[in-house]
Amino acid sequence: MAQNIYDQPEFFAGYSQLGRSIEGLDGAAEWPALRAMLPEVGGLRIVDLGCGFGWFCRWAHEHGASHVLGLDLSEKMLARARAVGPDTGIAYERADLDHLSLPPGGFDLVYSSLALHYVEDVARLFSMVHQALSPGGHFVFSTEHPIYMAPTRPGWVIDAEGRRTWPVDRYLVEGPRETDWLAKGVVKHHRTIGTTLNALIKSGFTIGHVEEFRPTDAQVAARPELAEELERPMFLLVSARR
C-alpha cells in the first residue's frame, strides 16, 4: 500500500491550513491553467484520483457532470469531503492508486490533482486509466514538476548577492524521494518529464497539451509571493485523450 501520510495527525493538521485547503480551487494558483485544459464536464462520468477534500468533485457536480467518483487513500480527507456534501451526485471511496482498478469504459474524464507523485508505478496506473476511459475520453492531471522534486534537499539557495536559485541534483536518477514537508519522511516518486509522457504514449494516449506551470502577471500582481514561482516550475500539467 502507498504511504498514507495524509492520515497522520501532524501532516493533516498542516495540510488543512494551506490556502488550497481553505479556499479550495480558488486557492490553487494552477487551477485556472488546469481548468482551461478540461473538456466541458456537463453530462460526463468523472473520477477524481486523489480527491482530497472533494473540491474538484463538487465543482464538476455543480457544472453538470452526470456522476462523480472521488477516490482517496486518506480516511480523514474523505470524511471531510463527505461532510461538506452534497448527498447525491458524488460518491467517495477509499482507494490506493498503486493498486487501483476501474471498470472498462466506465468514465469520460479522469482527473487528478497533485496525487500522481505519490504513485510508484505510474505506467501501470496510466494503462489502467486508458482502459477505464470511453473512446475519446479525457485524462487531465497535475503533478509536482520533476525539477521541483528531484533535489536531495529541495529548497532555495541564496547566493552572496541575495539571488535565490533552486538547485537540481540527481534529476536522471528516478525513484523515491523522502523529504520533510508538513511531517517527517514524506515519500514521493521522482520521474523525468520524458518518463511521464512516454508512459502515457505507451499506454495508448494522445497527448493534447503539456504545461510547466507559471503564474500569470496578473496572479503575481495580486499575490506577490508567487513571483518566486517564475524561477522554477513547481507543477507539471498534462491533458491527454484515449
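Reader: Which residues of α5 are buried?
Author: The buried residues of α5 are M77, L78 and A81, where buried means under 20% relative accessible area, exposed means over 50%, and partly exposed is in between, with a 1.4 Å probe and protein chains only. Helices (H or I, at least four residues) and strands (E, at least two) are DSSP runs numbered from the N terminus. Keep in mind that this is a predicted model, in which local features need pLDDT of at least 70 and side-chain atom pairs count only at pLDDT 80 or more, while totals for chains, interfaces and linings use all residues. Residues are numbered from 1 along each chain as its sequence is written, and side-chain values use heavy atoms, with hydrogens and water left out.

Reader: Where do those residues sit around the axis of α5?
Author: Seen down the axis of α5, the buried residues fall within an arc of 95°, so they line one face of the helix; the arc is that of the directions from the helix axis to the C-beta atoms.

Reader: And what do they pack against?
Author: The buried residues of α5 pack against α1 (9–15), α4, β2 (67–72) and β3, a contact being heavy atoms within 4.5 Å.

Reader: What about the start of α5, and what comes just after it?
Author: At its start, a side-chain oxygen of S74 comes to within 3.3 Å of the backbone nitrogen of K76. A polar contact is a pair of N or O atoms within 3.5 Å; within protein, one must be able to donate a hydrogen and the other to accept it, and residues adjacent in sequence count only if both atoms are side-chain atoms. Just after α5, G85 has a positive phi of about 85°.

Reader: Moving on to the core, how many residues does the largest one have?
Author: The largest nonpolar core has 31 residues, and those with the most contacts inside it are W31, L38, I46, F56, W59 and L109. Such a core is a set of buried Ala, Val, Leu, Ile, Met, Phe, Trp, Tyr and Cys residues joined through side-chain atoms within 4.5 Å.

Reader: Which elements supply it?
Author: At least two residues each come from α3 (31–36), α4 (55–62), α5 (75–84), β3 (90–94), β4 and β11, and the largest share, four residues, is that of α4.

Reader: What is L38 in contact with?
Author: Leaving aside neighbours within four places in sequence, L38 is in contact with W31, F56, W59, L109, Y111 and V140.

Reader: Changing topic, how many disulfides does a search of the whole structure find?
Author: The search finds zero, a disulfide being a pair of cysteine sulfur atoms within 2.5 Å.

Reader: What does R164 meet in a salt bridge?
Author: The side chains of R164 and E228 meet at 2.6 Å, N to O. R164 lies in strand β7 (residues 164–165) and E228 in the loop between α9 (217–222) and β11 (235–241), so the pair ties together parts that are 64 residues apart in sequence. R164 is partly exposed at 34% relative accessibility, and E228 is partly exposed at 28%.

Reader: Which residues do shared partners join into one network?
Author: Salt bridges that share partners join D159, E161 and R163 into one network, and within the D159–R163 salt bridge the closest N and O atoms are 2.9 Å apart.

Conventions:
A salt bridge is a side-chain nitrogen of Lys or Arg within 4 Å of a carboxyl oxygen of Asp or Glu.
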